[in-house]
Amino acid sequence: MALPLPTSLSPSKVASFKDCALAFRFSNIDRLPESPSPAATRGTLVHRALELLFCEPAPTRTLPTALACLDQARAEMATDSEFLGLDLDAEASARFAAEAEGLIRSYFRLEDPTTVHPIGLELRLQVEVGSLMLRGIIDRLELDADGGLVVTDYKSGRTPGVMHEQSRLGGVHFYAFLCERVLGRRPSRIQLLYLSEPVAIVAAPSAQSMRGLEQRTTAIWKAVERACANDDFRPRPSPLCNWCSFQDYCPTFGGDPGRARELVSAG
Ligand code: SF4
């Protein structure tokens with residue numbers, strides 16, 4: 001039986017389909033709930049703290065202000081279901097807070113936020129390409145000294161090895177493509193800020209890289225359409241399985257994907 005198509009593609013959905021088609025199906029078509037993880041929730045917290053920091057006037061974007069923004073973000077998150085779902089005890093909670101603070105302190109070794117000129121924070125953009133809707137949320141869009149657009153994406157996880165840098169830039173190339181289509185200007189720079197090391201990975205989008213992005217994304221969409229038409233989403237075991245919420249339904253772990261469909265029908 002053919003499965004319904006997802007309504008859109010985003011950088012995270014593209015990455016998810018490439019990592020494991022079956023996990024993509026469980027998340028984006030069956031819409032099974034995923035267990036919250038401390039790492040992902042810490043990332044959400046730090047993103048919010050940096051968003052609040054860039055709402056402040058440029059000269060006041062100091063480390064003490066950033067730590068106050070982190071406190072505000074933690075207060076906002078205290079009642080959030082994602083955070084409550086972690087069920088942290090006092091020790092784990094203190095570790096969670098200390099690690100988030102460490103990322104904020106580390107961020108200040110990457111750039112001086114008083115010199116950044118943001119024009120969009122958590123900016124939602126979408127564009128239609130043929131029958132496909134592309135969507136993305138840009139962490140920070142700013143102007144450089146020459147008036148060029150810069151797309152910045154914060155990363156709270158581990159910095160990729162040199163071999164994987166280009167593939168990790170795929171998400172920000174996607175954002176650059178959205179900017180070009182929606183705002184009519186191709187960004188002059190895209191950058192991933194890995195907060196934990198800290199390391200910045202920077203690239204300049206070109207007409208060729210934008211064409212390549214469009215071709216790769218269209219090819220992935222065709223693969224998703226085929227998989228939906230044939231109900232053929234295959235598991236792709238990898239180290240990512242250790243963090244996958246869907247092991248109970250995955251044949252790799254003795255599960256039955258049909259149970260996921262039953263849950264969806266019952267829900
Ligand atoms: S457990 Fe691994 S193979 Fe199975 S769905 Fe999850 S990521 Fe894919």
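1. A quick word on terms: a residue is called buried when its relative accessible area is under 20%, exposed when that area is over 50%, and partly exposed in between (1.4 Å probe, protein chains only). Lys155, at 29% relative accessibility, counts as partly exposed.

2. Please keep in mind that this is a predicted model, in which local features need pLDDT of at least 70 and side-chain atom pairs count only at pLDDT 80 or more, while totals for chains, interfaces and linings use all residues. Residues are numbered from 1 along each chain as its sequence is written, and side-chain values use heavy atoms, with hydrogens and water left out.

3. On to the charged pairs. A salt bridge here is a side-chain nitrogen of Lys or Arg within 4 Å of a carboxyl oxygen of Asp or Glu, and the count by this rule comes to 13. Lys155 and Asp153 form one of them, at 3.3 Å from N to O. Arg25, Asp30 and Asp231 are linked in a network of salt bridges.

4. Have a look at Arg42 and Glu99, whose side chains meet in a salt bridge of 2.6 Å, N to O. This pair links distant parts of the chain, with Arg42 in helix α3 and Glu99 in helix α6, 57 residues apart. Helices (H or I, at least four residues) and strands (E, at least two) are DSSP runs, numbered from the N terminus. Arg42 is buried at a relative accessible area of 15%, whereas Glu99 is partly exposed at 36%.

5. Arg140 and Glu111 make another salt bridge, their closest N and O atoms being 2.7 Å apart. Arg140 lies in strand β2 (residues 132-143) and Glu111 in the loop between α6 and β1 (117-129), so the pair ties together parts that are 29 residues apart in sequence. Arg140 is buried, at 0% relative accessibility, and Glu111 is buried too, with a relative accessible area of 16%.

6. Arg61 is buried yet has no salt bridge, and the nearest side chain of opposite charge, Glu56, is 7.6 Å away; for charge, Lys and Arg count as positive and Asp and Glu as negative, with His and the chain ends not counted.

7. Ser106 belongs to helix α6 (residues 90-107) and is buried, with a relative accessible area of 6%. Leaving aside neighbours within four places in sequence, Ser106 is in contact (heavy atoms within 4.5 Å) with Leu195, Ser196, Glu197 and Pro198. Val129, in strand β1, is buried at 13%. The C-alpha atoms of Val129 and Thr217 are 9.7 Å apart in space, although the two residues are 88 apart in sequence.

8. Finally, the ligand. The residues surrounding it, each with a heavy atom within 4 Å, include Cys20, Cys241, Cys244, Cys250, Arg236 and Phe253. The shell divides into eight nonpolar, two polar and one charged residue. In this scheme Ala, Val, Leu, Ile, Met, Phe, Trp, Tyr, Cys and Pro count as nonpolar, Asp, Glu, Lys and Arg as charged, and the others, Gly among them, as polar.
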